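Subject: Structure for you to look at

Hello,

Here is the structure I said I would pass on. Please open it first, then read the notes below it.

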Amino acid sequence: MTSFAPPVAPDGLLAQLASAAAAPNADAVEITLLGRAGEYTRFAGGRVHQPQDILETQFSVRAVVDGHAARAATGTLSGLDQAVARATAAARALADRARGKAGSATVAMPAVAPEVVLWHDDTAAFDGGARATAAGRTMRAAADAGGGAAGMFGRALTQIAVVNSAGVAHHALATEALGTLTATVADGTSHWIDLHRSAGALDLAASVDRTIAEAVAGQGRRPVPDGRHTVVLGPQAAGELLTFLEDAGFSGELAAAHVGLVAQRAGQKVASSLVTVADDATATIGLPIGFDMEGTPKRRVPLLTAGVVGEAVTNLATAAALGTRSTGHAHIAREEVPTPVAANMVMDAGDATEAELIAGVERGIYVQRFWYTRLVDRVTATITGVSRDGCFLIEDGRLTAPVAGARFTHSVLDFLGTVDGVGSARRSQPVMNVWNGAVTAPALRGHGFRFGAATVEES
Amino acid sequence: MSSHDWGALSDDAAARAILDSALDTVDGRVEYADARLIECEELRSYAQLGADPDERIEQNIGIGVRVLVDGQWGFAARPLAAHADAATAARSALASAVALAGSGRRVSLPPREAVSGRYETEAGQDPFTVDTATRHDLLAAWLGAASAPAEVAAAQAGVNAKRQHRHFASTEGSRQHQHLLETGAMLMVTAAGHGDVQRRSYPNSFHGNTAAAGWEYLAGLAMRENAARVGEEAVALLTAPLAPRGHADVVIGAQQVSLQIHESAGHALELDRILGDEANYAGTSFITAGDVGSLRYGSDAVTIASDPTVPGTRGSFAFDDEGTPARRAALIDRGIVRNTLSTRDSAARSGLALTGAARSDGWAYLPVCFSTHVYLEPGDGGSLDELLDRMGDGYYIDDNRSWSIDNQRLNFQFGTEVAYEVRGGRRGRLLKNFSYGGVTPQFWGSVEAVAGPEEFRAFGYPCGKGEPKQWGFLSHGASPMLVRDLRIGVA
């Protein structure tokens, strides 16, 4: 096991990167270190089947020549000079090809990043022994309940440093704790996931016990009747819906292409007044970090404020296209073009407990989790997926019979327009394919949520 | 100069010395250990409408060491900055396994003989020798053709290439050296207008198409001609009639069939899912270990095989990532489940056959069950036109637009970018927003015919699995197929 050390020793790091960024043959050079030292205790079938101790580092160099940019990345500091040379050569080749027509690429200017609490000692203490003990206890508790458990408990140390030739120099070292569990008892299942900079915030033992109890209660599931239902979405289901807001037009890329909500309906009310969602790097929940991969300080970006369409998240390129300043959301996903993303999306909590949300429903469905959700129609932000795990009928204000997973196809915006109750407790989950990405949401109550295939009348 | 003469690990003997130092570190203290030393370099060039070109090349080198101690696995991975990092990774892997001693069910691997060898992707022109201007001139031409119609709001075109030195050693004595190369291209067009947004893609709707080949692969894609076509189709979709709801006969094009194979056959047949190892993340399967050899999964027209020995695909290799030699395995034979996609661990625990599907995303992640080159065998349905003629009235659909399937890989709903009305075997109107749904064995049981080998195409895919999530790179191939009485218009 590692000693939970930073992926790259911080002492002298910024100076070393600044020296490499002072390349004589480029107009500007930006160097970004993304590092992660992660330890993961993954368990299933009565054993820890995949204990993993993974250290990854990437030094990505972006060189700019006459407004044309190119990147070269390497995995180690020793390869940095070569990466600078490669990025510079590629940028110059793009500039030569443009035959004197300048490009628009720039690097960030120095600015102060927001202070965010990133280090928690309790996460540092969540070591292999603690995780193996927790995994063993979880598997035994599930077995005692007549079932089984599969899950993963992990801790990581995330490191990001950005230096450029314009004088930007940021460095952050952030702890991260992750807990996730699927408990199965006969046909009853329940799922839990949460992440936080602090391991203590996961409330691991209580979360495990609650999840197993829900699996026990989930036995004897019946089908969800096709049709439209009042639903209470648990925090995980609600968070998954929020990840589709970017597809609806809160990305600078779409806004620049004049597609989606920000381009077409900025300032208009498209959701319930109870719905306020922002990308917020200053939040004390989720996975905040104060600056992005281009070294731009992040600021809180209001996506929906009391249901009214706000701004799109941007990087340097899309901000330039929109004539604004970058909001600090540069990102490069694997096998995709660089696109700004909301990396710490947070929905404001309400004042109701989940039980109070349920109490307000005469007949409906409680949905713990969605699965395999995909965009079907960008204009209406309609998605499809299935519900799964700890889902129950709501009858006369309380959870009654467990229900099986069911196919749904519904508009995220339509649902957010019907929200009349917001929970006070929030949970976070990772966002797929986003480096250090998280979404945090409370439970939501809404109406007219459509399960089953579309009917002819709805065409 | 060979396409494989690059980087720090092109020399097999030098790589073997580093691997040996990792295994020597744990010698005598493990039941089994293996080490994977990998150097990877990936080039991506993109052009977007209204934006500057994007160009990036990423290189990494590292080692992943897996050990088995007292029936418990341990794994650690480190970037390789110095020779000593190999021993550091091995010590960390050993420590993680030792910490679990006596903590749960033990696994033991059946011993096997050492298997050593070398494999290289056959390639014509090395894509890494193509200069920046040539790449971007091509992309600009594709983008220009695709965005000719005024209603095209966004478009992006890209080319990609990846080269890898993948070296493997085990305490059983295996020493394997694979030098891989792949090349690909993508195009995505978004049209907006008339209150709608529609997209078209080519040559694959999911991150483009990538093959184990050199730059010559692009010539066969006819990118410029197809860019013009999909640009026009994206705009035509804005005003096309909505696809209907109900039940209908459908001929599904090769790209959409490949996605259907991926989601409902490939994933459903991963043995780690079947055994519950992925229950918390990727999901499980409706297929059980006891179903192998007897479960009717589809009609007699359906034979699906795993065969990484087929050259030229993104799932082609000579050894998987735990050293098992590649071979063809029939997964579904004339509709009956015959094999799974398995690893040594999962095969040992289940008693099922080892099919060599242990794959990992580079050096940093554990090998898990991923598809290889998994494909639908061509049938006797003849050409696409003959298949449409056989169908008579119905729809011809292709190119995936949305995909969703439950965690057991049973209940699915897919949408396609395009659909054409077919009457009397002839293609008619273009329709938009086509969707269909079903239940996996019933769906494959409704396959009446599969087109012949002349219509077969292979598609390279990325795929996500594991905790932490890793990517698998694989291939699915198919010819168009005729499905009777499909439920359509479900979205």
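I start with strands S1(B) and S5(B), which pair in the antiparallel sense over 15 bridges. Strands here are DSSP runs of E with at least two residues, helices are runs of H or I with at least four, and both are numbered from the N terminus. Two strands count as paired if DSSP finds at least two bridges between them.

Before going on, note that this is a predicted model, in which local features need pLDDT of at least 70 and side-chain atom pairs count only at pLDDT 80 or more, while totals for chains, interfaces and linings use all residues. Residues are numbered from 1 along each chain as its sequence is written, and chains are lettered from A and ligands numbered from 1 in the order in which they are written.

Strands in chain B

In the pairing of S1(B) with S5(B), B:Glu41 stands opposite B:Arg163 in S5(B). S5(B), residues 152–170, is mostly covered, with 19 of its 19 residues buried. A residue is buried if 20 or more other C-beta atoms lie within 10 Å of its own, exposed if 12 or fewer do, and partly exposed in between, with C-beta atoms placed from the backbone.

S5(B) also pairs with S6(B), residues 175–193, in the antiparallel sense over 17 bridges. There B:Gly158 is opposite B:Met186 in S6(B). S5(B) and S6(B) form a hairpin with four residues between them, and B:Gly173 in the turn has a positive phi of about 105 degrees.

Domains of chain B

Chain B is divided into domain 1 (12–238) and domain 2 (246–488); such bounds come from an automatic or database domain assignment. The centres of these two domains of chain B, taken over C-alpha atoms, are 21 Å apart. In chain B, 42 residues of domain 1 are in contact with 33 residues of domain 2, where contact means that the C-beta atoms of two residues, placed from the backbone, lie within 7 Å. On the domain 1 side, strand S1 of chain B (residues 32–48) gives the largest share, five residues.

Two helices in chain B

H1(B), residues 12–26, and H2(B), residues 84–98, have axes that come within 8 Å and cross at roughly 35 degrees. Axes are lines fitted to C-alpha atoms, for helices over the stretch in contact, and angles run from 0 to 180 degrees between N-to-C directions. Among the residues that meet are B:Ile18 and B:Ala22 in H1(B), and B:Ala90 and B:Leu94 in H2(B).

Chain A

Helix H6 of chain A (residues 235–242) is mostly covered: eight of its eight residues are buried, including A:Pro235 and A:Leu242.

Is A:Gly227 buried or exposed? A:Gly227 counts as exposed because it has 11 C-beta neighbours inside 10 Å. A:Gly227 is found in strand S7 of chain A, residues 227–233. Leaving out residues up to four places away in sequence, A:Gly227 touches A:Phe451 and A:Gly452.

Where the chains meet

Chain B has 69 residues in contact with 77 residues of chain A. Strand S2 of chain B (residues 54–69) supplies the largest share of the chain B side, nine residues. S2(B) runs parallel to strand S3 of chain A (residues 68–74), and three bridges join them. In this pairing A:Ala73 stands opposite B:Glu58.

Regards
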